[in-house]
There are 2 protein chains.
Amino acid sequence: MMREYGKKLRILLIDDNANHLRGIKELINLESDYNVVGSTTSANLGINLVKRYQPDIVLMDINMPEKDGLQAIQAIQKLELNTRIVVLSGYDDADLIYRAMKLGAKGYVLKTMASSKLIDAIEHVAQGKIFLPAILSTRFFEHFQSVSRQETASKDGEENLLNSLTSRENEVLDLLTQGVNYKSIAQKLIISETTVKTHVNNIFQKLQVNDRTNAVLYALTHGFKPSKTNAKVEATAA
Amino acid sequence: MMREYGKKLRILLIDDNANHLRGIKELINLESDYNVVGSTTSANLGINLVKRYQPDIVLMDINMPEKDGLQAIQAIQKLELNTRIVVLSGYDDADLIYRAMKLGAKGYVLKTMASSKLIDAIEHVAQGKIFLPAILSTRFFEHFQSVSRQETASKDGEENLLNSLTSRENEVLDLLTQGVNYKSIAQKLIISETTVKTHVNNIFQKLQVNDRTNAVLYALTHGFKPSKTNAKVEATAA
DNA sequence: AATTTTATCAACCTAAAGATTTAGATAATT
DNA sequence: AATTATCTAAATCTTTAGGTTGATAAAATT
C-alpha cells in the first residue's frame, strides 16, 4: 500500500492542543517532505477528516484523563482504511501504551522524545513496521505479560478436573458450553436423553458443580478445549 | 534483583543442538564476562538446572516443530524465580514470537542475527528491559493486533443488546454469570424469587435467549461488565 | 479370568427453571 | 395531568433440569 515513488506521505494531525498542533506541523515541514493534509483539535472532526482524506498516517495525541484518543483510534480502525496510526503521547503509562497498541496503533512516541524520533516513527510505520522505542516496549510487555499471567494463573492448580473427563463427556461438555439442551444434545450425539443426563451428572461430579451454568463457567475459566468429534452447531433454540 | 557491583551475570544455556551449545558458550566467553553456570541439550534437565542454580539469565533455544521450548519457558516461569529468559530461535514466526513473549520471555533473538545482538539482548534483559529487535517486534504486533481484532469483532454489531438492560437487570445478570440460582439471587438482592424471575425473563427477551446458560454465554462473549451495587459472592451452592 | 472403566438406556421422581398474566408503587418524561 | 419506564410481587402453569437406582455390554486393565 505504501508510498509510490515520488509521492509524498500524506499525514493528518490530531491534537487537542492547538499550540502543539502548530509546532508539530512546523516540525514536519522543516524536517521532512511529508504532506500534512489536515490538522484538528477535535477527535470527532479528526475521524471525519480521516474518512475524507484517507491519509497514510494519522498522528494522534493521547491524553491520560480523557480517553477520547483511544476511542478515536478504535473509530479509525473500524473504517478499515490503509491509514496507520502513530500515537504521540505525554504519558508512558503501561496500560495506556498497551491499550493503544491493542487497538491497532502502529507506533507510539513520547512528546518528551527528540523530534527526530517522531520522524523516525512515521518513516518506520509508513514502511509497514511497528515503531515502539525500547523503554515503551518494556512498559508494554510489563502489562502484556502481567495480563497473560493472570489468565493462566487460574487455569493452573485445578485444571486437572477437566482432565478427568472421558472423551464422550468432553463432547457433552462441549455442547453444554454452547448452550444446547438435553434433547438437542441427544439428537446431535445420536443417543438417548437419559444417557445424556447420565453423562452430564458424571461431569457435574467430576467438576464439583451442581448445574449446567457452573459447569459451563468452570469449563470456560479453565481453558476447556473441545475434543475431536464435532459437527457444527448452528441453532441453539430450545 | 540485578547484578551487584562486581558480580558476574550467571547464565544457563539450553539448546538441543550440542554444537550450537558449544558455539554459544565460546561466544559468551570471548565477547563478554558472563559466567556460564551450566548448559544442556535437554529441556527437562534444563528446568532442573534452573531450580538448582537460579541463574540470572536462561538462554533458551526454541524450535518450531517440537514445542518443548515453549513448555520449558512456562515451566521455568512457574518457578517464580528472578530468572529471566532470552529466546534464541531460528524462526521469526509471528505466532512463535507471540507465544514465547506471552509466556514471559524477556528477549527474543534470531540465530541469524549478529552475535553482538545476543550480547545486547542479554545485557538489556539483565537490566530489566525487554529486548525485541524491530523486525521481530513488528512480527509480534502483527499477531497481537490480529488476535485483538478478532476479540473485539464479535462484540461490535450486537453488543447493543447488553446496553438495553436496566441497572437492576444488570445486577441480576451479574449474579447469573456467577452461576447463582433464583433463591440465592433473591436473598442477595433482598427481593422475592418471583421478582427475580421477572427480571430474568426480561433479560432473556432483551438478549434474545431462552435460558440461563445462553444468557451467561451471551454476556461473557459480549464483554459484559457488572454494574455498581455488588456485594461479594462467596459460595455458589444450590 | 476377573475387574474396572466407559458408554449406553429405562423409569421414576423432585426440584428448579422458565412462561404468562396481572397488578401496585415510584420515578422520570412528555 | 398523562404517559412511560422501572421495580416490585403473586399466582399459576409447563417444561427442563437434575438425582437416583439398576441394568446391559463392550473395551480396557490388571
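## Contacts with DNA strand C

In this predicted model, a polar side-chain atom of Thr195(A) lies 3.1 Å from a phosphate oxygen of DNA strand C. An N or O atom in the side chain of Arg168(A) is 2.8 Å from a phosphate oxygen of DNA strand C.

Around DNA strand C there are 17 residues, counted when a heavy atom lies within 4 Å of the strand. Thr166(A), Arg168(A), Ser192(A), Asn201(B) and Arg212(B) come nearest.

H10(A) gives the largest share, 4 residues.

## Interface between chains A and B

35 residues of chain B are in contact (heavy atoms within 4.5 Å) with 35 residues of chain A. The count of salt bridges between the two chains is 0, taking a side-chain nitrogen of Lys or Arg within 4 Å of a carboxyl oxygen of Asp or Glu. On the chain B side, helices H4 (94-102), H6 (134-157) and H11 (212-221) each give two or more residues. The largest share, 9 residues, comes from H6(B).

## Basis of the values

Residues are numbered from 1 along each chain as written, chains are lettered from A and ligands numbered from 1 in written order, and side-chain values use heavy atoms, without hydrogens or water. Local features need pLDDT of at least 70 and side-chain atom pairs pLDDT 80 or more, while totals for chains, interfaces and linings use all residues.

Terms used. A polar contact is a pair of N or O atoms within 3.5 Å; within protein, one must be able to donate a hydrogen and the other to accept it, and residues adjacent in sequence count only if both atoms are side-chain atoms.
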